[in-house]
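Please look over the sequence and the model below before reading on. The paragraphs that follow go through the structure part by part.

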Amino acid sequence: MREEYIKKAVEQFEVLLREQLDRVDRMRAGAAPKDYDALETVTVGLIGGDGIGPIIMAEAKRLLEKLLAEEISSGRIVLTEIEGLTIENRLALGKAVPDDVLAAIKACDVILKGPTTTPKGGTMESANVTLRRELDLYANVRPVSVPEEGIDWMFYRENTEGEYVLGSRGIEAPGDLAMDFKVTTEPGTRRIARAAFEYAKANGKTNVAIVTKANIMKKTDGNFTRICHEVAADYPEITADDWYIDIMTANLVNPAIRNQFQVFVLPNLYGDIITDEAAEIQGGVGTAGSANMGDRYAMFEAIHGSAPRMVEEGLADYANPSSIFKAAEMLLRHIGFIDKADRLASALHQAGEIEKRVVVTGTKEGATCREFAEYVMEKLA
Ligand code: IPM
Ligand code: MG
């Protein structure tokens with residue numbers, strides 16, 4: 001019995017290794033990044049998603065229509081709604097992202113996406129993970145700021161490999177042991193490091209924190225650290241410091257030092273965890289936006305989930321659209337509409353943090369999603 005498991009596992013491992021090496025080849029052969037300025041038309045795909053998704057996305061759409069009114073009427077921007085990325089449809093078809101939905105997404109340049117539910121148990125992968133892989137969205141970019149504390153953080157989380165890429169394809173000897181695999185590739189690490197240092201350079205940042213657990217994960221995190229330093233050598237004006245994820249997690253809750261950090265670059269799973277911690281410091285995971293960026297596509301989303309409990313309790317109309325609005329702001333910035341992104345950021349800040357005349361609480365005592373959206377739109381200068 002044992003010999004049989006070993007033989008099967010070794011065969012499975014060979015398949016994984018070959019697939020991952022092929023992925024390395026594809027990354028090396030990858031095309032140049034898309035130049036949005038050079039595109040005649042930028043197609044923005046809008047995906048409602050599940051639970052509170054369609055409600056917050058309806059407001060995000062109205063907001064974009066208002067901000068981009070001129071560009072939409074001139075044909076420079078096309079907003080297109082993509083149906084079918086719902087949990088019902090995905091379960092019925094047994095696909096994390098149905099083929100026709102994926103094709104519709106690939107026909108767009110950028111995507112704004114509501115939250116999608118991941119079924120517990122079973123074998124269906126999270127739609128997010130599938131889309132990150134299929135569109136090769138290798139940089140998960142998450143800004144967090146607390147101006148009154150001087151906190152202005154930018155997280156560059158590797159988004160396509162690490163613990164996630166083979167997370168559903170581990171090996172098991174039932175009753176004895178289970179093994180999952182973590183993958184760090186040379187080009188995969190180099191491109192996320194490049195993105196983080198380029199961001200730092202373009203935004204006058206002087207420090208990048210490389211966060212791993214390289215003392216324990218010697219091969220994967222060890223290489224991640226080494227490659228980040230190789231990339232850092234091209235940016236002599238920026239210092240690159242090594243940190244371990246455990247102490248960095250502690251540092252983020254230490255008010256005496258946390259505002260010294262600027263840009264973080266880190267492998268997938270550490271980035272997943274620490275960006276929730278960081279968002280909570282900002283005021284809750286519902287307040288942060290998130291961008292998934294690749295060279296050909298970019299997908300922007302709220303950092304929170306589909307909130308099925310709010311829907312069950314009849315509170316879906318009271319969902320907070322702030323996170324998806326921040327994602328919309330990042331989308332505008334990404335496709336080159338810096339002024340519009342700044343206007344939205346300032347309206348959101350005015351409405352949500354300064355004036356607070358209309359407040360969403362997630363309960364019937366608070367404002368509705370629609371009311372808050374109206375308020376933000378009224379604040380657009
Ligand atoms: C995130 C989420 C996802 C992740 C889930 C929904 C698969 O937690 O975007 O941080 O683990 O990456
Ligand atoms: Mg997460």
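A polar contact is a pair of N or O atoms within 3.5 Å. With that cut-off in hand, we can begin at the ligand; the model is a predicted one. An oxygen atom of ligand 1 is 2.9 Å from an N or O atom in the side chain of aspartate 272, so this pair falls within the 3.5 Å of the definition. Tyrosine 164 has a polar side-chain atom 2.6 Å from an oxygen atom of ligand 1, and for arginine 142 the distance from such an atom to a ligand oxygen is 2.8 Å. On its own, ligand 1 has 320 Å² of accessible area, and the protein covers 72% of it.

Which residues surround ligand 1? They are Ser126, Val129, Arg132, Arg142, Arg157, Tyr164 and Asp272. Sorted by class, this shell has four charged residues, two nonpolar ones and one polar one.

Because six of its eight residues are buried, H6 is largely enclosed by the rest of the structure. Serine 126, which is also part of the ligand shell, caps the N-terminal end of H6. In this cap, a side-chain oxygen of serine 126 lies 3.1 Å from the backbone nitrogen of asparagine 128.

Aspartate 136 has a positive phi of about 55°, although it is not a glycine. Is aspartate 136 buried or partly exposed? Its relative accessible area is 30%, so it counts as partly exposed. Alanine 307 can be set beside it: its phi is near 50°, again a positive value in a residue other than glycine. Alanine 307 is found in the loop between S12 and helix H11 (308-312). With a relative accessible area of 22%, alanine 307 is partly exposed.

Buried means under 20% relative accessible area, and threonine 116 counts as buried because its relative accessibility is 13%. Its side chain is joined to the side chain of lysine 113 by a polar contact of 3.2 Å.

Lysine 113 belongs to S3, a strand covered on both faces. Val110 and Leu112 are on one side of S3, Ile111 and Lys113 are on the other, and all four are buried. In a regular strand the side chains alternate between the two faces of the sheet. S3 pairs with strand S1 (residues 42-47) in the parallel sense over four bridges, and glycine 45 stands opposite isoleucine 111. Four bridges also join S3 to strand S12 (residues 298-302), and these two strands run parallel. Here lysine 113 stands opposite glutamate 301.

These strands are part of an open sheet of 10 strands with mixed pairing, in the order S2-S1-S3-S12-S11-S4-S5-S10-S8-S9. At the edges are strand S2 (77-82) and strand S9 (239-244), each of which pairs on one side only. On average, neighbouring strands of this sheet are turned by 20° against each other, direction ignored.

Further along the order is strand S10 (residues 263-266). Val263 and Val265 point one way from S10, Phe264 and Leu266 point the other way, and all are buried. S10 pairs with strand S5 (residues 151-158) in the parallel sense over four bridges, with phenylalanine 155 opposite phenylalanine 264. S8 and S10 pair in the parallel sense over three bridges, with isoleucine 210 opposite valine 265. S8 (residues 207-212) is joined to S9 by six bridges, and these strands run parallel. The bridge partner of alanine 209 in S9 is aspartate 241.

The last stop is helix H13 (residues 338-355), where alanine 347 is found. Alanine 347 counts as buried because its relative accessibility is 0%. Where does the chain come back to it? Alanine 347 and lysine 379 are 32 residues apart in sequence, and 5.0 Å apart in space, C-alpha to C-alpha.

How values were computed:
Residues numbered from 1 in each chain as written. Chains lettered and ligands numbered in written order. Predicted model: local features only at pLDDT ≥ 70, side-chain atom pairs only at ≥ 80, totals over all residues. Heavy atoms only, no water. Pairing = 2+ DSSP bridges. Axes fitted to C-alpha atoms, helices over the stretch in contact; angles between N-to-C directions. Near = heavy atom within 4 Å. Polar contact = N/O pair within 3.5 Å; in protein donor to acceptor, adjacent residues only side chain to side chain. Areas by Shrake-Rupley, 256 points an atom, 1.4 Å probe, with all protein chains shown as cover. Nonpolar A, V, L, I, M, F, W, Y, C, P; charged D, E, K, R; others polar. Buried < 20%, exposed > 50% of the residue type's maximum accessible area, 1.4 Å probe, protein only.
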